[in-house]
Amino acid sequence: MTKRLYTAAAAVLIVTALAGGCGRSSSGTDAAQGAAAATGKTAQDLVPADVRERGVLRLATAEGYPPMEMYKKGTQELTGVDPDLGAAIAAKLGLKSTITNAAFDGLIPGLQSDRWDLVLSSMSDTEERRAAVDFVDYFSAGGAVMVKKGNPEGVKDLADLCGRTVVLAKGSSNLAIGEKQSDKCDKKLTIMQSEDAPTGLLSIDSGRAVATIVDSPVAAMYAEQTGKYEVLPGQYDAGPWGIAVDRRDTALRDAVAKAMQELIADGGYKKILDKYGVAANAVPEAMVNTKPWK
């Protein structure tokens, strides 16, 4: 499922209510000014005083979206691209890290109420969410079409789903991809809606649907782990995913952006993506709200 987009409106409404209360300090600078001020400094130099004094970077994620965030088999230990990247950023900042598993729709409100410092949870960087948070972009991904192994229905691409039955996660960006494609079709898609990606795959198993659309790195992981599905070439509506930082925390945002810059430069970022087979989804440079942080 593309759980990372569908709660945006609800989250921002909650955040707006919380934003009027007490919160962390803001420097009032934009990303470009923050990058200019960071010239010649390391990520560790840029850590805000209150975070440095605490000595711990508090991370949050919503587990259940391999290979991005998941539990190690048989344990409650979080692993995946996002937990590993969060730990690597904390190390660059000279901090220890903790990570909390939370409901996805509570992640942004948790930032606003100072329960954690960063959210790393395959969260789409959208203009709507930027009303509440800034994003340090770290990943680019779109939806990929998944079919039963062997592709018995001979589906070639997204356009080839016209006139067929597909299953898509409720409220997801991938549902939007399917609906947009259906609008282009002479013979519309029949769209079933599932609670999440694993539930949708059951409809493919039973023959009720011929395909689904899932975020590309997640689709690849499901196909590899189960051996029951194929992922067709191509991504649709690819866009950035970001590390969310409270919009008032510009100093911490800049420290995280600098840490990303350092991890890209020294190969640490690529090493994490390579570990999970998602190097094709890398961003080429540190980005804040989809713009280069220089």
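This is a predicted model: local features need pLDDT of at least 70, side-chain atom pairs count only at pLDDT 80 or more; totals for chains, interfaces and linings use all residues.
Visitor: Which side chain meets K228 in a salt bridge?
Guide: The side chain of K228 meets that of D205 in a salt bridge, with N and O 3.1 Å apart.

Visitor: Ok, and is K228 buried, exposed or partly exposed?
Guide: With a relative accessibility of 40%, K228 counts as partly exposed, and D205, at 27%, is partly exposed as well.

Visitor: How many salt bridges does the structure hold?
Guide: There are 16 salt bridges in the structure. One of them joins D114 and R58, whose closest N and O atoms are 2.8 Å apart. D114 lies in the loop between helix 6 (107–112) and strand 5, whereas R58 lies in strand 1, so this pair ties together parts that are 56 residues apart in sequence.

Visitor: What other residues are in a network with R58 and D114?
Guide: Salt bridges link R58 and D114 with R54 and D117 into a network. As for accessibility, D114 is partly exposed at 33%, while R58, at 18%, counts as buried because the limit for that class is under 20%.

Visitor: Switching topic: why is strand 5 called largely enclosed?
Guide: Seven of the seven residues in strand 5, which covers residues 118–124, are buried, so the rest of the structure largely encloses this strand.

Visitor: Which strands does strand 5 pair with, and in what sense?
Guide: Strand 5 pairs with strand 1 (residues 56–61) in the parallel sense over two bridges, and there L59 stands opposite L118 of strand 5. With strand 11 (residues 236–246), strand 5 pairs in the antiparallel sense over four bridges, and M123 has G242 of strand 11 as its bridge partner.

Visitor: What about the largest nonpolar core, which residues touch the most other members?
Guide: That core has 55 residues, and the ones touching the most other members are L57, L85, I89, L93, L118, I243 and M260. Helix 10 (residues 250–266) supplies the largest share of this core, with seven residues.

Visitor: And L85, what is it in contact with, leaving aside its neighbours within four places in sequence?
Guide: Apart from those neighbours, the contacts of L85 are L120, Y138, I243, M260, L263, Y269 and I272. There is also a second, separate core of 16 residues, with V145, V166, C185 and L232 among them.

Visitor: What makes F139 and W241 a stacked pair?
Guide: The ring centres of F139 and W241 are 5.1 Å apart and their planes lie at 25°, so the pair is stacked, because planes under 30 degrees apart fall in that class. This pair links distant parts of the chain, with F139 in strand 6 (residues 133–148) and W241 in strand 11, 102 residues apart.

Notes:
Residues are numbered from 1 along each chain as its sequence is written. Side-chain values use heavy atoms; hydrogens and water are left out. Buried means under 20% relative accessible area, exposed over 50%, partly exposed in between (1.4 Å probe, protein chains only). Two strands pair if DSSP finds at least two bridges between them. A salt bridge is a side-chain nitrogen of Lys or Arg within 4 Å of a carboxyl oxygen of Asp or Glu. A nonpolar core is a set of buried Ala, Val, Leu, Ile, Met, Phe, Trp, Tyr and Cys residues joined through side-chain atoms within 4.5 Å. Contact means heavy atoms within 4.5 Å. Rings of Phe, Tyr and Trp (its six-membered ring) pair if their centres lie within 6.5 Å; planes under 30 degrees apart count as stacked, over 60 as edge-to-face and the rest as tilted.
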